[in-house]
Amino acid sequence: MKNFISTQDWSKSDLQDILDYAKELKVNKFQDNLKNKSIALMFFNPSMRTRTSFELGIQQLGGLAVVLHPGKDAWPIEFKLNEVMDTDSEEHIIEVAKVLSEYCDLIAIRAFPKFINLEEDLSDNVIKSFAKYATVPVVNMETITHPCQELAHILTMQEQLGDLSGKDYLLTWTYHPKPLNTAVANSSLLIASKFGMNVKLLCPTEDYLLHDTYMQNAEENCNANGTSFSITHDIKEGYKNADVVYAKSWGALSYYGNPEDEKLIRDRYKHFIVNEEKMAMTNNAKFSHCLPLRRNIKATDGVMDSDYCVAIQEAGNRMHVQKSLLSTLLKDK
Ligand code: CP
């Protein structure tokens, strides 16, 4: 039984198989790969794209999705071991994972970091606890990484640019009024490096570097592929020669759990917005973002409405890659 928690646990060739089958499913949408299969979709946080694409994708493959929001329409869950459960949680992850495994063939989880304790968030305890106690495959719908978004992103880049080996990839931090999850940024480094691109991370200062875990993974992937991983705080240097520009905002790790103080430095970097002038410095790059996106805060209308913006294509591809992923996981079960 295989889980899909991080693409680092998967080989490039196995990921490429998922992408190739996704391309087939994009043409032939309706199959019976999930006939008589039930999938629990557990959302600890809001979603538009993820919920819609999973729920409809499962239906298109003949399966049934059960959507649960612990603490809202399902009981709040305790994740600590050996806990005297005398607060709000009504049941323990051990029972939740085991009971859902009795009913369902796969469990998918969205559980964002809480932005209070970095080490706790890095431990990815919610999804790892599901993986520990469930007896069916577990899929990450965004925790400290967002591997389903990675698949959609890389499929879109392959559709646009063909073989990605040796292409220049820029992940740029962009402004947002609140500190956001690093998941998509972490994921962007992982997948671009795994698929053979030269990866550059552009962020305002060292405060906005991503966690070493993900930067080291990216560097190792690049070393294995004979490509480069670099960091810059210089906007011109970042955009120069890029074939792909991927934008994301995230909170400064050095201010973790302290959003009020982080806001004071964050507001100095509104000029990291992706605009037409910056895109003009690139090698006719494609631009994308995972969405949701605040227009004229993270990227201008001009960028979002341009021919080189492929964010809608990437969002559309979420459905196809996830259908392929679920088919793969349940075929191998
Ligand atoms: N990109 C993404 O996961 O979108 P949602 O948060 O709307 O699911």
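Modeller: Helices (H or I, at least four residues) and strands (E, at least two) are DSSP runs numbered from the N terminus, and axes are lines fitted to C-alpha atoms, for helices over the stretch in contact, with angles running from 0 to 180 degrees between N-to-C directions. This is a predicted model, in which local features need pLDDT of at least 70 and side-chain atom pairs pLDDT 80 or more, while totals for chains, interfaces and linings use all residues. Residues are numbered from 1 along each chain as its sequence is written, and side-chain values use heavy atoms, without hydrogens and water.

Biologist: How are helix H7 and helix H8 oriented towards each other?
Modeller: The axes of H7 (residues 183-194) and H8 (residues 212-225) come within 8 Å and cross at roughly 10 degrees. Angles under 35 degrees count as roughly parallel, over 145 as roughly antiparallel, 65 to 115 as roughly perpendicular and the rest as oblique. The relation of H7 to H8 is therefore roughly parallel.

Biologist: Into which classes do the residues of the contact of H7 with H8 divide?
Modeller: Contact (heavy atoms within 4.5 Å) involves Asn186, Leu189, Leu190, Ser193 and Lys194 of H7, and residues of H8 including Tyr214, Met215, Ala218 and Cys222. Ala, Val, Leu, Ile, Met, Phe, Trp, Tyr, Cys and Pro count as nonpolar, Asp, Glu, Lys and Arg as charged, and the others, Gly among them, as polar. By class, the contact has six nonpolar, five polar and one charged.

Biologist: Is H1 roughly parallel or roughly perpendicular to H6?
Modeller: Helix H1 (residues 12-27) packs on helix H6 (residues 147-161) with the axes 10 Å apart and at an angle of about 70 degrees. That angle makes the arrangement of H1 and H6 roughly perpendicular.

Biologist: How many residues does the contact take from domain 1 and from domain 2?
Modeller: The chain is divided into domain 1 (7-145 + 318-330) and domain 2 (149-314), with bounds from an automatic or database domain assignment. The C-alpha centres of domain 1 and domain 2 lie 25 Å apart. Domain 1 gives the contact 27 residues, and domain 2 gives 31 residues.

Biologist: Where does the largest cavity lie?
Modeller: On a 1 Å grid over the protein atoms alone, a cavity is a set of points where a 1.4 Å probe fits but cannot get out, a pocket is an open set with protein on both sides within 12 Å along at least five of seven lines, and lining residues have an atom within 4 Å of a point. Residues come from both domains, so the largest cavity lies between domain 1 and domain 2.

Biologist: Which element supplies the largest share of the lining of the largest pocket?
Modeller: The largest pocket holds about 650 Å³ of space, and among its 23 lining residues Ile77, Phe79, Lys114, Glu120 and Val126 lie nearest the centre. Strand E3 (77-78), helix H4 (118-122) and helix H5 (125-133) each supply at least two lining residues. The largest share, three residues, comes from H5.

Biologist: What volume of space lies in the second largest pocket?
Modeller: The second largest pocket is lined by 25 residues, with Phe112, Glu142, Leu180, Leu291 and Pro292 nearest its centre. Domain 1 and domain 2 each contribute at least three residues to this lining. The space in the second largest pocket is about 500 Å³.

Methods
Grid points are joined across faces, edges and corners, and a volume is the space filled by probe spheres set on the points.
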